[in-house]
Amino acid sequence: MRNSFSKLPLTGVKVVDFGQFIAGPAVAMLLGDLGATVVHIDPIEGAMWDNPANATLNRNKVIVNLDLKSEEGLEKARALCAEADIIVENFRPGKFAKLGFDFAAMCEERPELITISIPGFASNDEERRELRAYESIVAASSGVFTDMGLNRVLMGLNPSFSPLPLASAYASQIAASATVLALQSRQVTGLGDQIEVPLAAAVMEGLCYNSIKVDGMPERYLTQREVEIERRRVEGLPMNVSYEDLQELMDPFFRSYMCKDGRMFYVVCPSHKNHARRCLEVLGIYDELIEDGLTSEENTYKPWSEWEHETSLGVYPMPKDWADKISARMKEVFMTRTSHEWKKMFGRGLIPGAPQRWLQEWLHDEYAETSGLMIDVWDPIYGEMTQPGPVVWMEESGEEALQPDPRRWVEFDEALKILKKIRTEIPDPSEQSAQEGWLSGVRVLDLCNVIAGPHSASYLARFGAEVIKLEPAEPMYDSWNTVIYGMSQMRGKRSILADITSRHGRQVFEDLIKSVDIIVWNAPDNQIKKVGLDADSLRKLNPDALFCKLDCFSGVRRGTRTDYIGYDDLVQATTGIMLRFGGAMDRPEEHAHVGTIDVMCGFGGALGVAAALYQKHRFGRIGRGRTSLAANSGLLQAPFAFDYRGRGLFEEPSGPEASGYDSLTRFYSTASRHILLSAYESDLPLFRNVEGLEALPDLPEEERAAFLAYTFVSQPASEWISRLQAADIGAVICENLDSLRAVNLRDADGEPGTANGSYSFSNYPDHPSGHEVIQLDPYAVRSTRGKITAVTPAEKFGTSTRAVLKDLGYADSAIEAMIKSGNLRESWSEEYLPS
């Protein structure tokens with residue numbers, strides 16, 4: 001195990017991990033990668049989930065096998081817990097207490113203790129809390145499989161199965177960040193906390209951009225695919241668009257193109273002021289398209305009716321006539337070079353684009369290895385393994401994070417000795433003032449754009465942080481990317497617009513830097529150095545400020561693609577997610593529209609902030625937290641993101657026809673709706689207790705699917721779910737986001753929604769946008785001590801420019817002069833949401 005001289009931020013923090021399957025072990029893995037000492041407890045017969053992924057999930061841990069059904073085993077587990085700073089579990093609500101571990105009583109006895117529970121459904125969800133909440137059960141219940149993006153809707157593939165453990169990946173990042181935020185708060189107050197993060201609530205937060213509903217959305221924001229879906233619904237036409245025809249409904253700057261080497265190349269540059277132009281320039285067709293009449297509107301934030309032309313380069317979506325013309329030429333040009341050539345040309349030209357790769361290729365990609373996104377770990381069972389590198393790390397200790405200890409089985413006495421050797425210093429609670437939220441009094445400057453970075457800062461606001469969002473005086477992205485997304489990631493923030501390259505803007509920028517505790521930015525290293533926020537320059541401006549950086553491709557070490565820019569979609573392409581979802585190189589598909597990696601990376605950024613804060617409070621070190629979309633893709637693909645000698649085929653469910661893993665875990669049609677059955681071989685005897693399915697255990701494996709398919713259509717979904725759940729078999733109706741939103745909707749009342757079970761939405765009839773808006777509540781983290789705030793709705797960009805300047809001490813006359821100069825602005829547009 002790592003020694004006490006380690007520079008990792010969580011050095012000296014003791015964790016006892018009772019987690020099984022993915023979410024619980026992943027939380028403890030994230031903490032262990034940051035330096036925590038982790039004792040993992042498995043049943044006496046071994047892990048409940050037998051998968052090579054356990055080698056990754058249990059690295060940096062010692063493993064003790066205990067029988068928690070025996071008094072001796074319980075006594076040993078309690079002895080380990082008595083030494084812990086943090087205890088992790090992810091059983092059904094109440095199950096851990098029945099085993100003899102009452103977190104409320106334990107926290108009362110030891111007020112410094114932090115406990116984290118990660119059940120499938122919320123403990124206050126009376127309807128679902130007792131369900132067997134396997135990954136696919138949570139996904140089906142939460143609308144994941146029925147909201148897999150516009151493509152699958154148009155192709156009539158609904159529901160669509162995916163093996164990605166979205167719920168567990170989101171829950172582990174949210175739970176880990178919440179745990180470390182509580183830990184840093186303990187360094188201030190001396191008090192721990194009791195935390196719950198339900199998987200269902202966590203995955204819903206990942207889908208918050210998908211589930212928002214804006215009444216009266218202006219027509220200019222509707223894509224060709226959305227228009228086609230609406231047309232077919234109005235005219236009663238089937239959703240049966242072929243994959244090939246679907247491609248012609250895609251924006252030319254948001255789709256894949258075949259290259260000379262037979263590999264597809266994914267382009268994602270539809271909304272930035274410069275990216276689409278650079279794309280056409282590097283392809284050599286910019287001038288000809290301009291001559292052909294392609295235009296660029298100077299101010300795309302004006303109402304569409306006031307534009308000089310119908311479209312503008314750098315605005316999403318494009319009208320169909322121009323989309324068809326541009327994509328036709330792009331198809332021709334991409335076939336003139338290999339995907340590898342285009343990768344270098346796009347990357348060096350600061351254009352978001354990447355070749356489609358399979359996961360197996362990514363695991364052994366030269367850049368992934370040299371950057372630390374993939375690392376080699378010697379495992380006692382599988383030998384030399386390729387595993388995902390650290391998901392979140394600190395710049396000053398990242399190298400150490402690249403060398404994890406392999407999992408190691410020990411006897412109880414050794415595990416207890418390991419924990420007893422470490423003594424954590426905790427302030428006396430009687431000498432500290434109580435915090436309302438874990439981040440009360442903390443000021444955050446958000447310099448981010450698009451989704452991951454801004455979402456990270458918005459998440460911090462719910463714990464009491466004051467967040468100031470600084471945007472350019474002239475927007476670099478179109479209003480689809482800023483305002484539409486901003487309705488979710490601008491919540492709980494004040495907004496100021498400033499040109500930091502101008503004299504006045506630079507002064508305000510530096511004054512803001514001096515006034516805050518934390519700076520969050522999603523940008524590559526070269527941009528950060530350019531504006532003076534590298535470690536040396538920041539130290540001169542504000543020596544106490546913490547910096548957290550999120551970007552697309554970086555790992556601990558620099559490499560050829562570290563400074564390449566990009567988005568969620570490009571990482572999906574690079575790491576095999578799109579090819580798995582599509583099923584073949586000539587038909588890659590985006591895995592849902594937003595919320596696959598982006599939002600999860602935002603929670604990873606919050607974990608970086610939390611670790612930096614704890615390190616500052618505990619050791620007095622000023623650090624810089626890091627994460628990236630590419631690093632988070634390893635966590636998202638944990639069940640299959642590994643390789644070793646003798647590994648079997650990479651054959652997880654893939655392609656549009658995938659309905660599940662096998663006959664016991666897949667979709668079935670009933671007399672009404674689709675259901676998701678999720679059972680193991682060991683569950684077969686339970687089917688004898690299900691009316692109509694008593695014969696299933698006696699059938700040969702190859703006959704099960706046909707029997708179930710034939711039988712399930714004889715009754716409506718609700719009847720089968722009632723029968724199956726009564727027998728304690730995992731099964732649920734495949735829900736969709738629209739129905740979840742309708743059933744779990746309330747009027748916004750200033751509460752965060754944590755009391756509302758697994759699902760909670762609020763209606764804002766007087767939203768600042770002037771539209772009626774329904775949004776998911778900020779409710780995934782439920783804590784006993786730290787207050788969770790219902791963050792305010794997103795204000796219009798620039799609304800707080802004057803107020804923030806006043807807070808910085810500027811006189812009214814100076815503020816007026818700066819705004820008059822154009823260096824600072826109070827708005828980008830007349831309307832909140834340009835029509």
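Contacts between residues 24 or more positions apart make up 76% of the contacts in the chain with a separation of 6 or more, a contact being heavy atoms within 4.5 Å. The model is predicted: local features need pLDDT of at least 70 and side-chain atom pairs count only at pLDDT 80 or more, while totals for chains, interfaces and linings use all residues. Residues are numbered from 1 along each chain as its sequence is written, and side-chain values use heavy atoms, with hydrogens and water left out.

**Whole chain**

The C-alpha trace spans about 80 × 70 × 50 Å along its principal axes.

Colour by secondary structure next: the chain has 34 helices and 30 strands. Both are DSSP runs numbered from the N terminus, helices being H or I with at least four residues and strands E with at least two.

Switch to a surface. The accessible surface comes to about 30600 Å², and 48% of it belongs to carbon and sulfur atoms; areas come from the Shrake-Rupley method with a 1.4 Å probe, and for residues only the protein chains shown count as cover. Of the 835 residues, 64% count as buried (under 20% relative accessible area; exposed is over 50% and partly exposed is in between, with a 1.4 Å probe and protein chains only).

Colouring by charge picks out 86 positive and 120 negative side chains, and the centres of the two sets lie 5 Å apart. Lys and Arg count as positive and Asp and Glu as negative, with His and the chain ends not counted; each charge is placed at NZ of Lys, CZ of Arg, CG of Asp or CD of Glu.

**Backbone stops**

Select Phe21, in the loop between β1 (14–17) and α1 (23–33). Phi of Phe21 is near 60 degrees, a positive value in a residue other than glycine.

Go to Asp728, in the loop between α31 (717–726) and β25 (730–733). Phi of Asp728 is also positive, near 60 degrees, and Asp728 is partly exposed at 33% relative accessibility.

Two cis peptide bonds follow. Asn158 and Pro159 are joined by one with omega about 5 degrees; Pro159 sits in the loop between α7 (150–154) and α8 (166–189). Tyr316 and Pro317 are joined by another, with omega about -5 degrees, and Pro317 is in the loop between α14 (286–291) and α15 (320–334). Most residues other than glycine have a negative phi, and most peptide bonds are trans.

**A hairpin**

Select residues 374–379 and 383–388, strands β11 and β12, which run antiparallel and are joined by six bridges; strands pair if DSSP finds at least two bridges between them. Three residues separate the two strands of this hairpin. Val377 stands opposite Met385 in β12.

**Two buried residues**

Select Ser628 in strand β20 (residues 624–628). Ser628 is buried, at 0% relative accessible area. Leaving out residues up to four places away in sequence, Ser628 touches Leu373, Val391, Trp393, Asp551, Cys552, Phe553, Ser554 and Cys601.

Finish at Leu724 in helix α31, buried at 0% relative accessibility. With the sequence exclusion of up to four places, its contacts include Ile675, Phe687, Phe712 and Ala731. Leu724 and Arg624 are 100 residues apart in sequence and 50 Å apart in space, C-alpha to C-alpha.
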